[in-house]
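Please keep the sequence and the coordinates at hand while reading.

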Amino acid sequence: MLQRILDFLALPVVETTIWILVVTVSVILSVAFSVLFERKIIGWMQLRKGPNRVGSLFGFWPGVFQAFADVLKLLIKEVVVPTRANKVLFGIAPIIALVPALATWAVVPLSPELVIADIDAGLLYVLALTSMGVYGVIIAGWAANSKYAFLGAMRSAAQIVAYEIAMGFALVGVVMAAGSLNLGEIVRGQAGGPLSWNVIWLFPLAVVYIISGVAETNRAPFDVAEGESEIVAGFHVEYSGIAFALFFLAEYANMLLISALTAVFFFGGWLSPFDGYLPADSWLARPGFPWLGIKISAFMFFYFWLRATFPRYRYDQIMRLGWKVLIPVTLVWIAAEGVMAHFKVGPWKVLSP
């Protein structure tokens with residue numbers, strides 16, 4: 001009987017399903033603790049305590065259960081649907097915003113041996129799904145039949161489209177350096193220590209990608225969905241309860257995703273920073289998920305740091321930065337990569353015969 005159970009669990013479909021559940025639950029739990037960490041970190045930066053009332057862990061870390069209390073509160077609150085709203089689209093908009101943020105993890109290499117779908121066109125899959133989030137924003141703003149929500153949706157959609165183009169051009173540079181669309185191959189191509197990571201030779205593109213990632217997730221200082229003239233919540237102003245929680249979950253899930261992709265594309269993914277400097281059998285030089293987790297945590301801290309530091313940009317400044325600065329920078333550096341590839345320097349030196 002035990003052998004039959006083990007054989008069943010070893011089936012590719014079953015194994016993949018189990019890993020999908022593990023990754024999905026892990027992302028959701030990470031979102032809950034990310035909200036708590038953000039409030040604690042920003043409180044520390046601003047000389048406040050942050051959440052410190054709901055529970056503690058063996059007398060330490062007061063407020064550790066605040067995130068779960070917030071989830072419970074949102075679950076038991078009523079979901080109010082405006083009278084003249086398009087109820088079908090109003091209901092599916094949060095799902096459209098959340099599903100791509102979770103589905104993209106299918107191609108993210110978590111370790112040398114672990115990736116749910118090791119497909120050759122993984123980067124195209126990432127671009128296709130990340131561009132779907134804008135539809136959830138637009139549908140949410142339009143279906144609510146509220147002018148405030150619609151204006152917030154239009155601002156957010158215009159911003160996402162502008163920075164999606166800059167992000168796409170930045171990834172063109174990554175493909176040129178790696179010679180592959182497979183995310184696992186992109187990581188393996190950065191083996192050899194931090195000096196071999198793409199961030200060294202593609203530093204302007206890494207900066208553009210990080211800034212575009214912050215703007216794509218509607219995070220401060222690019223949170224123009226919450227307009228400075230009408231103090232409301234932008235495209236999801238009419239949402240409440242668990243429907244609002246799904247948008248909240250999608251925002252933080254996208255932050256985790258962008259942090260993971262930044263690590264994969266530019267900072268060696270699951271590769272150790274001691275790779276090439278310590279013996280290969282050393283535990284510090286061994287590649288694995290812990291290194292990817294550390295890099296994701298560092299970029300999440302960067303998100304929180306930005307929010308605590310910078311005021312919100314004006315909308316015209318945000319659009320100018322996207323169209324007139326970031327996109328030209330990516331085009332210039334792609335041309336520079338062409339020159340480096342011609343003269344066989346940088347990442348192309350390894351590929352030369």
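A residue is called buried here when its relative accessible area is under 20%, exposed when that area is over 50%, and partly exposed in between. Phenylalanine 265, in a model that is predicted, has a relative accessible area of 0% and therefore counts as buried.

**Aromatic pairs**

The count of aromatic pairs comes to 15. In one of them phenylalanine 90 and tyrosine 239 are stacked, with 4.0 Å from centre to centre and 0 degrees between the planes. Since phenylalanine 90 belongs to helix α4 (residues 87–103) and tyrosine 239 to the loop between α10 (203–216) and α11, this pair ties together parts that are 149 residues apart in sequence. Both phenylalanine 90 and tyrosine 239 are buried. Tyrosine 209 and phenylalanine 265 form a pair of the edge-to-face kind, for which the centres are 5.8 Å apart and the planes make an angle of 85 degrees. Here, too, distant parts of the chain are linked, as tyrosine 209 lies in helix α10 and phenylalanine 265 in helix α11, 56 residues apart. Phe90 and Tyr239 also take part in one aromatic cluster, together with Phe235 and Phe247.

**Salt bridges**

Side chains of opposite charge can pair when their charged atoms come close.

| Salt bridge | N and O distance |
|---|---|
| Arginine 219 and glutamate 38 | 2.3 Å |
| Arginine 219 and glutamate 251 | 3.1 Å |
| Aspartate 316 and arginine 320 | 3.4 Å |

Arginine 219 forms a salt bridge with glutamate 38. This pair links distant parts of the chain, with arginine 219 in the loop between α10 and α11 and glutamate 38 in helix α2, 181 residues apart. Both arginine 219 and glutamate 38 are buried, and for arginine 219 the relative accessible area is 3%. Arginine 219 also forms a salt bridge with glutamate 251. Because arginine 219 is in the loop between α10 and α11 while glutamate 251 is in helix α11, that pair ties together parts that are 32 residues apart in sequence. Glutamate 251, at 23% relative accessibility, counts as partly exposed.

The bridge between aspartate 316 and arginine 320 is formed within helix α13 (residues 315–342), where the two residues are 4 residues apart, about one turn of the helix. Aspartate 316 is partly exposed, with a relative accessible area of 35%, and arginine 320 counts as partly exposed at 41% relative accessibility. Elsewhere, salt bridges that share partners join Glu38, Arg219, Glu251 and Arg307 into one network.

**A buried glycine**

Is glycine 268 buried or exposed? At 0% relative accessibility, glycine 268 counts as buried, although this residue is found in a loop, between α11 (241–266) and α12 (289–309). When neighbours within four places in sequence are left aside, glycine 268 is in contact with Val187, Gln190, Trp197, Ala263 and Lys295. The C-alpha atoms of glycine 268 and serine 196 are 8.3 Å apart in space, while the two residues are 72 residues apart in sequence.

**Nonpolar surface**

Val25, Leu29, Phe37, Leu57, Phe60, Trp61, Phe65 and Phe68 make a nonpolar surface patch of about 750 Å². Helix α2 (residues 12–45) provides the largest share of this patch, 3 residues. Phenylalanine 37, which lies in helix α2, counts as partly exposed at 34% relative accessibility. For the protein as a whole, the accessible surface comes to about 18,000 Å², of which 71% belongs to carbon and sulfur atoms.

**Overall fold**

The protein has 14 helices and 0 strands. Its radius of gyration is 22 Å, close to the 20 Å that the globule rule gives for 353 residues, so the protein is as compact as a globular protein of that length. Taken along the principal axes, the C-alpha atoms fill a box of roughly 65 × 60 × 45 Å. Of the 353 residues, 44% count as buried. Among contacts between residues at least 6 apart in sequence, 76% join residues at least 24 apart.

Methods
Residues are numbered from 1 along each chain as its sequence is written. This is a predicted model: local features need pLDDT of at least 70, side-chain atom pairs count only at pLDDT 80 or more; totals for chains, interfaces and linings use all residues. Side-chain values use heavy atoms; hydrogens and water are left out. Patches are made of residues with over 30% relative accessible area and no salt bridge: like charges are joined within 9 Å, nonpolar side chains (Val, Leu, Ile, Met, Phe, Trp, Tyr) within 5 Å. Accessible areas come from the Shrake-Rupley method with a 1.4 Å probe; for residues, only the protein chains shown count as cover. A salt bridge is a side-chain nitrogen of Lys or Arg within 4 Å of a carboxyl oxygen of Asp or Glu. Buried means under 20% relative accessible area, exposed over 50%, partly exposed in between (1.4 Å probe, protein chains only). Contact means heavy atoms within 4.5 Å. Rings of Phe, Tyr and Trp (its six-membered ring) pair if their centres lie within 6.5 Å; planes under 30 degrees apart count as stacked, over 60 as edge-to-face and the rest as tilted. The radius of gyration is taken over C-alpha atoms; the globule rule is 2.2 Å times the number of residues to the power 0.38.
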